[in-house]
Amino acid sequence: MSAPSRVDACGDRLRALFTHAHPDDESSKGAATMARYVAEGIRVVVCTLTGGERGDILNPKLDTPENNARLPELRKAEMERARAILGVEQVWLGYEDSGYFEGEPWPPTPPGSLAAAPVEEAAARLAPLLRELRPHVVVTYDERGGYPHPDHIMTHRVTMAALDLAADPAALPAAGPAWIVPKVYYQMGFHRRRFAKLDRLMHERGLVSPYADRLRDWQEDEMADRLTTFVPCADYFEVRDKALLAHATQVDPDGPWFAVPLDIQKAGWPTEDYELVRSTVPTALPESDLFAGLACPAAASADDWRI
Ligand SMILES: [Zn+2]
């Protein structure tokens with residue numbers, strides 16, 4: 001028997017939209033949160049902005065010429081497996097991966113890629129989904145994208161522009177009534193405080209920490225003061241790992257993602273963490289639930305967006 005659905009103050013089933021740049025990002029950023037909310041009967045939708053066509057094969061056992069030749073097709077199939085494991089719905093926004101390049105100069109942006117698209121154009125593709133789904137919560141990346149891949153930075157910009165467009169009654173008249181998303185978050189899971197805690201527990205257990213180099217080069221915890229919301233989801237870390245492993249070309253099962261035993265992760269940092277950046281509802285910070293304080297969102301106005 002499935003759990004009864006969680007509802008808002010109007011009795012409407014709660015809904016959340018998570019926007020991500022590539023297939024696999026949903027399984028490494030906020031996946032345990034999503035799996036927990038699905039188990040609670042909340043409708044969770046992932047919108048993946050690109051197909052991940054220009055990614056590298058990061059699992060040495062699968063890095064063959066045949067797999068490289070059919071990477072777009074493989075990544076679609078991997079996404080579908082991860083989607084089923086997490087229990088979420090998933091849609092593609094339809095852009096191509098812009099590719100990631102280290103060094104200078106950057107190569108020209110490929111035509112058809114997300115980074116080549118005007119923000120307004122991509123936002124006009126995403127806003128109808130916001131109006132159709134009417135999510136109570138939207139989660140995206142912060143203004144730096146979490147890391148400097150052009151698709152991650154664009155995912156932030158496009159999502160924020162789409163929120164404004166969906167809320168504007170004069171915009172996109174064919175896409176249905178305006179929708180003001182009551183709560184908007186940036187996902188902030190990769191902050192120094194978490195890695196430092198896990199690093200210390202690894203040392204205490206006599207294990208080799210995968211974070212030592214990273215922590216040495218990273219003295220300032222620029223995210224620490226921004227965290228507002230800590231969602232307990234340790235019971236879903238196994239589901240998160242299974243979903244990530246479903247992206248078999250993108251993750252090395254013997255690599256650093258899986259180097260910290262789950263019992264250390266569960267004891268050391270049992271939450272996934274977020275920054276609340278817009279809210280039409282009053283809420284006491286810090287929170288432990290993305291849906292805290294939700295009233296009847298149909299009554300909200302964009303003037304209420306604060307934080
Ligand atoms: Zn990505």
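Predicted model: local features only at pLDDT ≥ 70, side-chain atom pairs only at ≥ 80, totals over all residues.
Trainee: Which residues are buried in H4?
Mentor: In H4, the buried ones are Leu74, Arg75, Glu78, Met79, Ala82 and Leu86. Buried means that 20 or more other C-beta atoms, placed from the backbone, lie within 10 Å of the residue's own; exposed means 12 or fewer, and partly exposed is in between.
Trainee: Where do they sit around the axis of H4?
Mentor: Looking down that axis, the buried residues of H4 fall within an arc of 140°, so they line one face of the helix. The arc is taken from the directions from the helix axis to the C-beta atoms.
Trainee: What about the other side of H4?
Mentor: Glu73 and Ala84 are exposed there.
Trainee: What follows H4?
Mentor: Gly87, with a positive phi near 80°.
Trainee: New topic. Where is His20 found?
Mentor: His20 is in strand E1, residues 15-20. Helices (H or I, at least four residues) and strands (E, at least two) are DSSP runs, numbered from the N terminus.
Trainee: Why does His20 count as buried?
Mentor: Because His20 has 28 C-beta neighbours inside 10 Å.
Trainee: How far apart are His20 and Val260?
Mentor: They are 240 residues apart in sequence and 25 Å apart in space, C-alpha to C-alpha.

Notes
Residues numbered from 1 in each chain as written.
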